[in-house]
Amino acid sequence: MSRETENALLLLVGLSTAIIAATGSFLRYVKPTLLPWLWITAVVLIALALTAIIGDIRHGPRPHADHGHRTGIGWLLIIPIALLAFVVPPALGPQAARPIAADTAQTTPRRPFPPLPAGAPAELSLPALLIRIAQDSAETLRDREITVTGFTIRDGERTYLGRIVIMCCAADAQLARATLTGPAARAAADLPDGSWVRVRGEVKDLFQHAAVPEFSIDDVESVAQPENTYAF
């Protein structure tokens, strides 16, 4: 691969990183807290590429072996890099994420959690709800109505509320889910699979030992898919 091709690829990688950071499509790949590092990476790559290109222009072409027959193959690498910048892939669905199947209620020690806000039903993310069920020794969920947003998952006779959780990037995506029970579970089951909903209810059993906890709901409301479908 010639130096010209190498410099062009380095510049394109830097520009692609800057584009996905500026447009927000980076959320399809990594968590929001990594945005500053993406900008730093983009600036460094673009600066290195421009420095190399300007240096080659000032010093003229450098002698190198004849690899002309490989140049075309090298330029083909630009195609996936360009696609990364201009083609935004869909967010991962439940089929692409491995389920969180470990029995956290048995393997994770319990500790007291801070109380939920007083008044109206508290809004919790699905991962936060599951963590409180598995680890909260203060029983902050007892007799408390909460609302949770996620998408429906049908599996036989069961309907789950799900959310894709990523710890760092899409490569480590996991599926968090809770079994929907209670008066409004049938209404959730009647919705198309993958529907985004906001459900309201209570956790009846605070000491569940199942890998997938149950959440008893009294109300289900269809909502628009959020701009960022992942939870962190």
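**Figure 1. Helix 1 of the predicted model, spanning residues 3-23.** The helix comprises 21 residues, and the distance from its first C-alpha to its last is 30 Å. This reach is close to the 30 Å expected at 1.5 Å a residue. Buried positions in helix 1 are Thr 5, Asn 7, Leu 9, Gly 14, Ser 16, Thr 17, Ala 18, Ile 20 and Ala 21. Just after the helix, Gly 24 adopts a positive phi of about 90 degrees.

**Figure 2. The largest nonpolar core, made up of 25 residues.** The members that touch the most other members are Leu 126, Leu 129, Leu 141, Ile 146, Val 148, Val 199 and Phe 215. Two or more residues each come from helix 6 (126-135), strand 3 (146-155), strand 4 (158-165), strand 5 (174-181), strand 6 (196-202) and strand 7 (214-222). Helix 6 makes the greatest contribution to this core, with four residues.

**Figure 3. Surroundings of Ile 146.** With residues up to four places away in sequence left out, Ile 146 touches Leu 116, Pro 121, Ala 122, Leu 124, Leu 129, Leu 141, Val 199, Arg 200, Gly 201 and Phe 215. Of these contacts, Leu 129, Leu 141, Val 199 and Phe 215 are named with Ile 146 among the core residues that touch the most other members.

**Figure 4. The aromatic pair of Phe 151 and Trp 196.** The count of aromatic pairs in the model comes to one. Its two rings are arranged edge-to-face, at 5.4 Å centre to centre and with 75 degrees between the planes. The pair connects distant parts of the chain, since Phe 151 belongs to strand 3 and Trp 196 to strand 6, 45 residues apart. Both Phe 151 and Trp 196 are buried.

**Figure 5. Arg 177 and the ring of Tyr 160.** The charged end of Arg 177 is placed over the ring of Tyr 160, at 4.7 Å from the ring centre.

**Figure 6. Pairing of strand 5 with strands 4 and 7.** Strand 4 and strand 5 run antiparallel and are joined by six bridges. Within this pairing, Arg 163 has Ala 176 of strand 5 as its bridge partner. Strand 5 and strand 7, by contrast, run parallel and are joined by three bridges. Here Thr 179 stands opposite Glu 214 of strand 7.

Note on methods:
Residues are numbered from 1 along each chain as its sequence is written. This is a predicted model: local features need pLDDT of at least 70, side-chain atom pairs count only at pLDDT 80 or more; totals for chains, interfaces and linings use all residues. Side-chain values use heavy atoms; hydrogens and water are left out. A nonpolar core is a set of buried Ala, Val, Leu, Ile, Met, Phe, Trp, Tyr and Cys residues joined through side-chain atoms within 4.5 Å. Buried means under 20% relative accessible area, exposed over 50%, partly exposed in between (1.4 Å probe, protein chains only). Contact means heavy atoms within 4.5 Å. Rings of Phe, Tyr and Trp (its six-membered ring) pair if their centres lie within 6.5 Å; planes under 30 degrees apart count as stacked, over 60 as edge-to-face and the rest as tilted. A charge sits over a ring if NZ of Lys or CZ of Arg is within 6 Å of the ring centre and within 35 degrees of the ring normal. The expected span of a helix is 1.5 Å times one less than its number of residues. Two strands pair if DSSP finds at least two bridges between them.
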